[in-house]
Protein chains: 2
Amino acid sequence: MIRLTSNQRKVFEALEQAGKPIGAYAILEQTGFRGAIQVYRALEKLIDLGLAKKLESLHAYICVSQKAEIAPTAFAICDHCGHIHQLKEVREVRQLHECLAQMDFEVCRSVIEIHGACSTCASRKRNK
Amino acid sequence: MIRLTSNQRKVFEALEQAGKPIGAYAILEQTGFRGAIQVYRALEKLIDLGLAKKLESLHAYICVSQKAEIAPTAFAICDHCGHIHQLKEVREVRQLHECLAQMDFEVCRSVIEIHGACSTCASRKRNK
DNA sequence: GATGGTTATGTTATAACATAACATTCATTG
DNA sequence: CAATGAATGTTATGTTATAACATAACCATC
């Protein structure tokens, strides 16, 4: 088990409780830290450990579904209800990495965020 | 041929000249606009038209290699030299979208940015 | 060519996100 | 205990992005 510091634990709990991506300043409020830097420092560590991820296109952070998952993840982001679907170990992502490897590109970080409408919201749209 | 407004043309030319991703405030300097909003408004339109793209993980903008390409693009971003490889019409990306479609997820925007080392920088790293 | 509607642009202020720089506290172990 | 290093705190500031409202340019049609 990984040993988190006090601040890291507070940030992780805030992410868990939210259950959806939240911004660093929302975390700041929830944790009661005095400055944003505390949040960012903790987030950096959590991301390193694979416990959290930044959603670049939302400027927000989310805790990763399973523990310590460094493997590249694709996110399906519903722009209507905000629901996030985490797609880990997706064949297509692995293949994309392989494709890049064949071009001699050495992958170190993968940002894959697909926006759209989740099944619920999509059907709701169709029926109105 | 698409008709751009004066501001849109200036921003597009700044992007073309740069030949790499640049931030909105760099564009602001180059164009001489008085405020950032002019840049963002022009960028929004250029992105709509498929002439430019935002690289979310860099907070920067780049003009797209071919004209009016709305199709999803994957970007391979070299973190060493800054070189950007635009991958259009990549099979793996299409397959990822199909995979999501089967889950009833209706894709509308695709953010795919793979960071790492390009072939040149990767070999340079190995040889030192 | 005046009228009114639409689109584009300008201006100012501020929101939202992120980091720099340095001070202090705290735990550990030699 | 003293020295060290890691974590945290504090303040300030940098960077990215948008809100809100004012003005100008364009253009059709009467």
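1. Contact between chains A and B. The contact between the two chains draws 29 residues from chain A and 29 residues from chain B, where two residues are in contact if their C-beta atoms, placed from the backbone, lie within 7 Å. On the side of chain A that touches chain B, strand 3 (73-78), helix 4 (91-102), strand 5 (106-117) and helix 5 (119-126) each supply at least two residues. Strand 5 of chain A gives the most, with 12 residues. By class, this side of chain A holds 17 nonpolar, 6 polar and 6 charged residues. Here Ala, Val, Leu, Ile, Met, Phe, Trp, Tyr, Cys and Pro count as nonpolar, Asp, Glu, Lys and Arg as charged, and the others, Gly among them, as polar. Helices (H or I, at least four residues) and strands (E, at least two) are DSSP runs, numbered from the N terminus.

2. Basis of the model. This is a predicted model, in which local features need pLDDT of at least 70 and side-chain atom pairs count only at pLDDT 80 or more, while totals for chains, interfaces and linings use all residues. Residues are numbered from 1 along each chain as its sequence is written, and chains are lettered from A and ligands numbered from 1 in the order in which they are written.

3. Strand 5 of chain A and strand 5 of chain B run antiparallel and are joined by 11 bridges; two strands pair if DSSP finds at least two bridges between them. In this pairing A:Ile112 stands opposite B:Ile112.

4. Strand 3 of chain B. Within chain B, strand 5 (residues 106-117) is also joined to strand 3 by 5 bridges, and these two strands run parallel. Strand 3 is joined to strand 4 (residues 84-88) by 5 bridges as well, in an antiparallel arrangement. B:Ala74 takes part in both pairings: its bridge partner in strand 4 is B:Leu87, and in strand 5 B:Ala74 stands opposite B:Ile112. The hairpin of strands 3 and 4 of chain B has 5 residues between the strands, and B:Gly82 takes a positive phi near 85° there. Strand 3 of chain B (residues 73-78) is mostly covered, with 5 of its 6 residues buried. A residue is buried if 20 or more other C-beta atoms lie within 10 Å of its own, exposed if 12 or fewer, and partly exposed in between, with C-beta atoms placed from the backbone.

5. Layout of chain A. Chain A has 5 helices and 5 strands, which follow the order α-α-α-β-β-β-β-α-β-α along the sequence. Its C-alpha trace spans about 50 × 40 × 25 Å along the principal axes. Of the 128 residues in chain A, 32% are buried.

6. Domains of chain A. Domain 1 covers 1-65 and domain 2 covers 71-128; the bounds come from an automatic or database domain assignment. Taken over C-alpha atoms, the centres of the two domains of chain A are 21 Å apart. Their contact takes 9 residues from domain 1 and 8 residues from domain 2. The domain 1 side comprises 4 nonpolar, 2 polar and 3 charged residues.

7. Nonpolar core. The largest nonpolar core has 63 residues, of which A:Val11, A:Leu15, A:Ala52, B:Val11, B:Leu15 and B:Ala52 touch the most other members. Such a core is a set of buried Ala, Val, Leu, Ile, Met, Phe, Trp, Tyr and Cys residues joined through C-beta atoms within 7 Å. Leaving aside neighbours within four places in sequence, A:Leu15 is in contact with A:Ile22, A:Ala52, A:Tyr61, A:Ile62 and A:Cys63.

8. Surface near DNA strand C. Of the 19 residues around DNA strand C, A:Gly23, B:Thr5, B:Asn7, B:Arg34 and B:Gly35 come nearest; a residue is near a strand if its C-beta atom, placed from the backbone, lies within 6 Å of it. Helix 3 of chain B gives the most to this surface, with 4 residues. The surface divides into 8 nonpolar, 9 polar and 2 charged residues.

9. Surface near DNA strand D. DNA strand D is surrounded by 19 residues, the closest being A:Thr5, A:Asn7, A:Arg34, A:Gly35 and B:His59. Helix 3 of chain A supplies the largest share of this surface, 4 residues. The classes number 8 nonpolar, 9 polar and 2 charged.

10. B:His59. This residue lies in the loop between strand 1 (52-55) and strand 2 (60-63) of chain B. B:His59 has a positive phi of about 50° although it is not a glycine. B:His59 counts as partly exposed because 13 other C-beta atoms lie within 10 Å.
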